[in-house]
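Colleague: Could you take me through this model slowly, and tell me for each term what makes it apply?

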Amino acid sequence: MARFTLPRDLYYGKGSLEMLKTLSGKKAIIVVGGGSMKRFGFLDKVVNYLTEAGFIVELFENVEPDPSVETVLRGAEAMRTFEPDWIISMGGGSPIDAAKAMWAFYEYPETSFEDLCIPFNFPTLRQKAKFLAIPSTSGTATEVTAFSVITDYAKGIKYPLADFNITPDIAIVDPELAETMPAMLTAHTGMDALTHAVEAYVSTLNSPFTDPLAIKAIQMVFDYLPDSYKGDKMAREQMHYGQCLAGMAFSNALLGIVHSMAHKTGAAFSTGHIPHGCANAIYLPYVIKFNAKNAAGRYAEIAQSIGLTGATDHELTQKLCDKIDEYNAKLSIPKTLKEFGIQEEEFKEKVANIAALAVGDACTGSNPRTITPAEMEKLLTCTYYGTEVDF
Ligand code: FE
């Protein structure tokens, strides 16, 4: 038996934030990030709409990027004191991810991250509150997914939380919130969305329910990301919807080793953080070549869906990789880790350990081709130097 879960309601379009006027409930806590939602006036709008709907509103502000265990526990404490029946999370992936975890600790104060970390093992939520998410970036799609990532800085580990209980009840996908994204963030989050859709399409858990969402998302990214990057508002709007479709696909079909690699390399090097979407964009063509041994037919279908032609599945797969290279170049994304600025000595020193960690990542299990730590080390080395993947 398989399961397919999405939010009960999804409101979209410019001005769709206004739906909050019609939300029914008594108390709402708004979980937000560092200040852009406030600066651009969206936080005020949300507070006003909820007040108009008769809610008593409380704010939980300043959720940091890559939210911490401490922030989650503080948020849950605030919720236990205020007792909201709606949790409203808004902003980039971080405040929404944090709010999902706060929700679990609000309803089950005695739970632990170790328990929540076991995939699809959450206690039943919605005993105290429902959950609404409003994304301001176009990539993570956490507004429609069953996932959240919380960082334990003291232990130096990330807790990947996965359970359909944390799929929001309502998502508001209002493109006006994404209009203020800087160009670089637009490029990275857009390529993250493409990676979600491609990995979901070739995942071992792909299904007739997720395939159409993944293919449409892929077509939309190829159609709209370059113009969205340049600041075109219509393209920016379409990307906001396309990334959401990709989220619906991967929340149900899961991901693959592009994400395993991005998760374990993101904070691994002393030269600085590799943004998640940028890491995915670099790794995607290499991983497609590695996976093609098992999944060339599926990649060929993706290639055909964006109008590429070729005589064999392998030719189509190659053309798909060329297309991704072309888009990365347009978006000023480097082709290799070396070009990104990772030092060669440090890479060589750390690659074996990173490879072992990447193989153990939660996303590896649904990749269409199995991979050993030695193969992962070879693959990462290809992404460092830009050499051919021929194994
Ligand atoms: Fe991602």
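Colleague: What makes a residue a protein donor of the iron ion, and which are the donors here?

Modeller: Donors are N, O and S atoms within 2.8 Å of the metal (3.2 Å for Na, K and Ca), and since water is not among the atoms, sites may look incomplete. Asp192 (OD), His196 (NE2), His259 (NE2) and His276 (NE2) lie 2.1 to 2.2 Å from the iron ion, so they count as its protein donors. This is a predicted model, in which local features need pLDDT of at least 70 and side-chain atom pairs pLDDT 80 or more, while totals for chains, interfaces and linings use all residues. Residues are numbered from 1 along each chain as its sequence is written, and side-chain values use heavy atoms, without hydrogens and water.

Colleague: Why is the arrangement of the 4 donor atoms called irregular?

Modeller: Four donors are tetrahedral if all angles lie between 85 and 135 degrees, four are square planar and six octahedral if opposite donors are over 155 degrees apart and all others between 65 and 115, and anything else is irregular. Around the iron ion the angles run from 83 to 168°, which makes the arrangement irregular.

Colleague: Where do Asp192 and His196 lie, and are they buried or exposed?

Modeller: Both belong to helix 6 (residues 183-202), 4 residues apart, about one turn of the helix, a helix being a DSSP run (H or I, at least four residues) numbered from the N terminus. Asp192 and His196 are each buried, that is, under 20% relative accessible area with a 1.4 Å probe and protein chains only.

Colleague: What spacing do the donors follow along the chain?

Modeller: The donors of the iron ion are spaced as D-x3-H-x62-H-x16-H.

Notes. Helices (H or I, at least four residues) and strands (E, at least two) are DSSP runs, numbered from the N terminus. Buried means under 20% relative accessible area, exposed over 50%, partly exposed in between (1.4 Å probe, protein chains only).
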